[in-house]
Amino acid sequence: MATRGRKPAPIELKLLKGNPGKRPINAKASVLQQPEALTEDAAPGMLLDEAKPYWDHAIAHAPRGLLRKLDIYLLAAWCNAAYRYEYNIRLAAKSDVIPVRGAKLAGLDAKDRPVMHNPFSTAARAYLKDMTMLAAELGFTPSSRARLGAAESAVSNLEDPWEQIAG
């Protein structure tokens, strides 16, 4: 059974805030002993070749110092889900519904055949759900960055079209 209440704050965040709860902090925690940030060349073998651009994008645009080597498989899972989401959403965009096929329906006109929801839409929704959950854990959403206390950089990237829209 899961624990109730808020998710516990990371040890680094507690130290940055001066340990507001005044509870003892385990200074020998393995998280504190891992200062190395994750780099682009650290991609694991489980990362799909097609998901490599998502890996590079995530490493380049994540808040500095947020991703650690411990997050390698979580980030790889997010990249794989992002690739599979995009792949399925492109296939689903061709048609939201598809006609049902079968021997019993062969004699019917195409307009009289029943339709079913495109299975690529269902798969895309499942991957989007995975991406959203993983993004929150990795600090990729605005609310999770605020919760983690990650500072946003004031430097704008001219190549990013969302920068002009979102400001």
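## Briefing on a predicted chain of helices and strands

Asn80 is buried, with a relative accessible area of 7%. This residue has its place in helix H3, which covers residues 72–92, and the structure in which it sits is a predicted model. The chain as a whole comes to 6 helices and 2 strands, and, read along the sequence, these elements follow the pattern α-α-α-β-β-α-α-α.

**Confidence in the model**

- The mean pLDDT of the chain is 76, and 62% of its residues reach 70 or more.
- Among the elements of the chain, H3 has the highest mean pLDDT, at 94, while helix H6 (residues 161–166) has the lowest, at 62.
- Over residues 150–156 the pLDDT is below 50, and this stretch has 5 contacts in the model once near neighbours in sequence are set aside.

**The chain as a whole**

- Of the 167 residues in the chain, 24% are buried.
- The chain exposes about 12300 Å², and carbon and sulfur atoms supply 58% of that area.
- Among the contacts in the chain with a separation of 6 or more, 57% are between residues 24 or more positions apart.

**Helix H3 and its buried residues**

- The 21 residues of H3 should span 30 Å at 1.5 Å a residue, and the end C-alpha atoms of the helix are 30 Å apart, which agrees.
- The buried residues of H3 are Ile72, Leu75, Ala76, Trp78, Cys79, Asn80, Ala81, Ala82, Asn88 and Ala92, and the buried residues of this helix pack against H2 and H4.
- Asn80, one of the buried residues of H3, is in contact with Met46, Leu47, Leu48 and Ala51, leaving aside its neighbours within four places in sequence.

- In helix H2, which covers residues 52–61, the residues Tyr54, Trp55, Ala58 and Ile59 are buried.
- These residues cover an arc of only 130° around the axis, which puts them on the same side of H2.
- The buried residues of H2 pack against H3.
- Pro53 likewise has its place in helix H2, yet Pro53 counts as exposed, because its relative accessibility of 52% is over the limit of 50%.
- Pro53 and Tyr83 are 30 residues apart in sequence, and their C-alpha atoms are 9.0 Å apart in space.

- Helix H4 (residues 119–138) has 20 residues and reaches 29 Å from its first C-alpha to its last, which is close to the 28 Å expected at 1.5 Å a residue.
- Ser121, Ala124, Met131, Leu134, Ala135 and Leu138 are buried in H4.
- Seen down the axis of H4, the buried residues fall within an arc of 150°, so they line one face of the helix.
- Tyr85 touches Ala124, Tyr127, Leu128 and Met131, not counting residues up to four places away in sequence, and two of these partners, Ala124 and Met131, are among the buried residues of H4.
- The C-alpha atoms of Tyr85 and Arg125 are separated by 7.5 Å, although the two residues are 40 residues apart along the chain.

**The two ends of H4**

- At the start of H4, a side-chain oxygen of Asn118 reaches to within 3.0 Å of the backbone nitrogen of Phe120.
- Just after H4, Gly139 takes a positive phi of about 85°.

Notes
Residues numbered from 1 in each chain as written. Predicted model: local features only at pLDDT ≥ 70, side-chain atom pairs only at ≥ 80, totals over all residues. Heavy atoms only, no water. Helix = DSSP H or I, 4+ residues; strand = E, 2+ residues; numbered from the N terminus. Buried < 20%, exposed > 50% of the residue type's maximum accessible area, 1.4 Å probe, protein only. Contact = heavy atoms within 4.5 Å. pLDDT = per-residue confidence, 0-100. Expected span 1.5 Å × (residues − 1). Arc of directions from axis to C-beta. Polar contact = N/O pair within 3.5 Å; in protein donor to acceptor, adjacent residues only side chain to side chain. Areas by Shrake-Rupley, 256 points an atom, 1.4 Å probe, with all protein chains shown as cover.
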